Amino acid sequence: MEEELLSEEKENLPAEDIELVRQQYKELEDKFLRLAADFDNYRKRMVREIEELKDVIRVELIKGLLPILDDIERAFSSIPENSDSNIKEGLGMVMKNFQNWLSDQGVKTIEINNNLFDPRYHEAIIIEESKDIEEDRIEELRKGYLLNDRVIRPTMVKIIKKIKEGE
Amino acid sequence: MPKVIGIDLGTTNSVVAFVEGGKPTVIPNAEGSRLTPSAVAFTQDGQILVGQLAKRQAILNPDRTILSIKRHMGTNYKVRIDNKEYTPQEISAMILRKLKEDAEAYLGEKIEKAVITVPAYFNDAQRQATKEAGIIAGLDVMRIINEPTASALAYGLDKEGSQTILVYDLGGGTFDVSILEIGEGVFEVKATSGDTHLGGDDYDQRIMDYLIEEFKKKEGIDLSQDRMALQRLKEAAEKAKIELSTLMSTEINLPFITATQHGPKHLSVTLTRAQFEAMTRDLTERTREPIYRALSDAKLDPSKIDKILLVGGSTRMPAVQRLVKEIFGKEPRKDINPDECVALGAAIQAAVLAGEIRDIVLLDVTPLSLGIETLGGIFTKIIERNTTIPVSKSEIFTTAVDNQTSVEIHVLQGERPMAADNLSLGRFILDGIPPAPRGVPKIQVTFDIDANGIVHVSAKDLATNREQRITVKGGTGLSKEEIERMIREAQAHAEEDKRRKEEAEARNQLDGLIYTAEKLAKDAVGKVNQDLIDNLNKTIEEVRSADKSGIDKIKELINKLNDAIYKVSTELYAKAGAQQSSTSNPSGNQQQNPGGGTIDTDYKVQ
């Protein structure tokens, strides 16, 4: 009697167990695959991010140096052209060395080509109106720079708007 | 399963984050910045610009640039551009769409669902409008949650039982205080207060005003009329403010700020933190009253607040932190980046709602470092604290004396550099090591922590493959309080421990040097002047019996012994060199200095 019961139990329980195990196996496999996928994506993105990070660090460093170049350029242009000392020439060489170093780093100056304001490259801080111009134009106030075609500092510009007739 | 994101749609700036492997992370925008200005612009040629680009052209296009649209959410306010009207939710949707698209580009997959945060004081209409903005942006808004709730989630406070918290959120242009009660994972807002026009920008303005005033006093020139100079002042003011959060004083140098007929003029001002705090005291003080108002509305006194969270970039200022500490008499929490806290919490909420958090395998970490005791009673860590488990790490060690046939492995847990100050988990002996000079045997010690936190430590002699192991059950089964206490103690004793460790290391170095000296004294017999050898032996004896208390004395003995060794070895090599003039690099019995910082630290002698 007892033996029969036991054998019955043995037959019933495993079937449930197998189902339970199968279910748990599926859950675990799913969890594992998700984690593996997450990790794989993470790994891929890390590779990309480390590459980008190198750029970010360079951009931050260069960004920090730009105001110093601005100051050198301001100093240079504040020395009168006709001054007979060699200071202007010397400072000009300092400035040139600095600019060459930037260009060696792949930094390019943003050029103002067609007098059109483009918020991707320019930051407007002054707006003026004038009758004496043919059409709207922009004037560079502080140089902007690109590194690998990415803006590291937009050019600060003044916008001069033409006053139209009758306005 | 598509990724879900959390968005902090702020008045001045917005941030987007997502959860990956159980951890929330901020997603940078297309311009590479983690903060996106909440600005929208309609250009004359029909383009819509969002974020930094919108701000850059704001002056050119003031009527068509919309800033701080959040202030109008849930009202009938309309933005009118080219005879078309836009609701605040349509404008907000443009910001949300940029955040969504930038996140998609970053993650490389489509995003459909998001959680968006709103201030705790937002009413139903404002919440509804925020939700609509999400829908217009093409997002399935799973939930709108309160910003302070998101912050609490970012700090994981929902898992810490019932408590009352206060969130102090001082952003770029708004200040919010919220009191929340957390219990059973439910957040209840008890009170909110704040100042809708107070933030970091006001602090920058104070510095600018000060610089303009100083320049006027010195040079008689008003810079406030010069747009270009103002721009430089603004940048310098913000930089100075940030610097004064970590430095006591900062220099502001703006050469060639302007020019007169007499030549260029420069601005040079040194600003101390004390000066900065004095000129902005009233701003910081303005946050006091809303705190008391919120406490009074919640019918609580400051002592009833269990935790204070600092959110918003401006809470980095020491004066702000001091004010909070003064009111509540305890340190506020500020370890999560205050600019990103809200978005991180929103991302956690999004992941929970999407079932992602449940699905991920929760990985545990070892709360304390594990390692063994090495020569001189030094605790050598093998697995550093906060290492994710399961993990396995091994290191090779060696013997401390000649012909040592057994080593004792003393397993320890803790953060202090000296073994005796840490918790002993057990010890065992590996014997049967074939006799060899010190430093020759290679004994590999492996620590393995399984997923249940059970630590297995084994030691294996790589020459004989003899192995011994120990299993520490519940080795990391310390209570949270005990762990915190141990970490605190390690910090409190850091200085003194460092000295003791240095002393123990110097002692080891001296022991190694005595060993080298003895060997040299034997080897040199008959090869160099016996007087030198006698002198070396005498020095060894002196050093052995000398008083070795204190690192300075030990270092003195090391120098003394080195001198004696040097005298013998110089002559030894000089002679060897003369004999074998063909080898330029004499390879005598030169010993490596055993104390020379090699990683193979030695075992205690049995």
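Trainee: Before we start, what counts as a polar contact here?
Mentor: A polar contact is a pair of N or O atoms within 3.5 Å; within protein, one must be able to donate a hydrogen and the other to accept it. Please keep in mind that this is a predicted model.

Trainee: Then which side chain does Lys265(B) reach in a polar contact?
Mentor: Its partner is the side chain of Glu219(B), at 3.4 Å. That value falls within the 3.5 Å limit.

Trainee: Where is Lys265(B) found?
Mentor: Lys265(B) belongs to strand E16 of chain B, which covers residues 263–272.

Trainee: And what else is Lys265(B) in contact with, leaving aside its neighbours within four places in sequence?
Mentor: Besides Glu219(B), the list includes Phe215(B), Ile221(B) and the run Pro255(B), Phe256(B), Ile257(B), Thr258(B), Ala259(B) and Thr260(B).

Trainee: Changing topic to the interface: how many residues of chain B are in contact with chain A?
Mentor: On the chain B side there are 26 residues, and they are in contact with 30 residues of chain A. The area buried between the two chains is about 2,600 Å². Carbon and sulfur atoms give 59% of that area.

Trainee: How many salt bridges are found across this interface?
Mentor: The rule finds 3 salt bridges between chain B and chain A. One of them joins the side chains of Arg142(A) and Glu235(B), with 3.0 Å from N to O.

Trainee: Which elements of chain B supply at least two residues of the side that touches chain A?
Mentor: They are strand E2 (13–20), helix H1 (52–56), helix H2 (88–107), helix H6 (227–243) and strand E15 (249–260). The largest share, 5 residues, comes from H6(B).

Trainee: How does that side of chain B divide by class?
Mentor: It has 14 nonpolar, 4 polar and 8 charged residues.

Trainee: Now the sheets. What is the strand order in the open sheet of 3 strands?
Mentor: The order is E6-E5-E7 in chain B, and the pairing is antiparallel.

Trainee: Why is one side of E6 and of E7 left without a neighbour in the sheet?
Mentor: Strand E6 (48–50) and strand E7 (65–67) of chain B stand at the edges with a single partner strand each, so one side of each has no neighbour there. Neighbouring strands are turned by 15 degrees against each other on average, direction ignored.

Trainee: How many bridges join E5(B) and E7(B)?
Mentor: These two pair over 3 bridges, with E5(B) covering residues 39–42. Val40(B) has Ile66(B) in E7(B) as its bridge partner.

Trainee: Which helix lies across those strands?
Mentor: H2(B) lies across E5, E6 and E7 of chain B, at about 105 degrees to E5(B). H2(B) also supplies at least two residues of the side that touches chain A.

Trainee: And the sheet of 4 strands: which are its edge strands?
Mentor: In the order E20-E23-E24-E25 of chain B, the edge strands are E20 (391–397) and E25 (467–472). Strand E24 (residues 455–461) pairs with E25(B) in the antiparallel sense over 6 bridges, and Ala459(B) stands opposite Gln468(B) in E25(B).

Methods
Residues are numbered from 1 along each chain as its sequence is written. Chains are lettered from A and ligands numbered from 1 in the order in which they are written. This is a predicted model: local features need pLDDT of at least 70, side-chain atom pairs count only at pLDDT 80 or more; totals for chains, interfaces and linings use all residues. Side-chain values use heavy atoms; hydrogens and water are left out. Contact means heavy atoms within 4.5 Å. Buried area is the accessible area (1.4 Å probe) that two parts lose on being put together, summed over both. A salt bridge is a side-chain nitrogen of Lys or Arg within 4 Å of a carboxyl oxygen of Asp or Glu. Ala, Val, Leu, Ile, Met, Phe, Trp, Tyr, Cys and Pro count as nonpolar, Asp, Glu, Lys and Arg as charged, and the others, Gly among them, as polar. Two strands pair if DSSP finds at least two bridges between them. Axes are lines fitted to C-alpha atoms, for helices over the stretch in contact, and angles run from 0 to 180 degrees between N-to-C directions.
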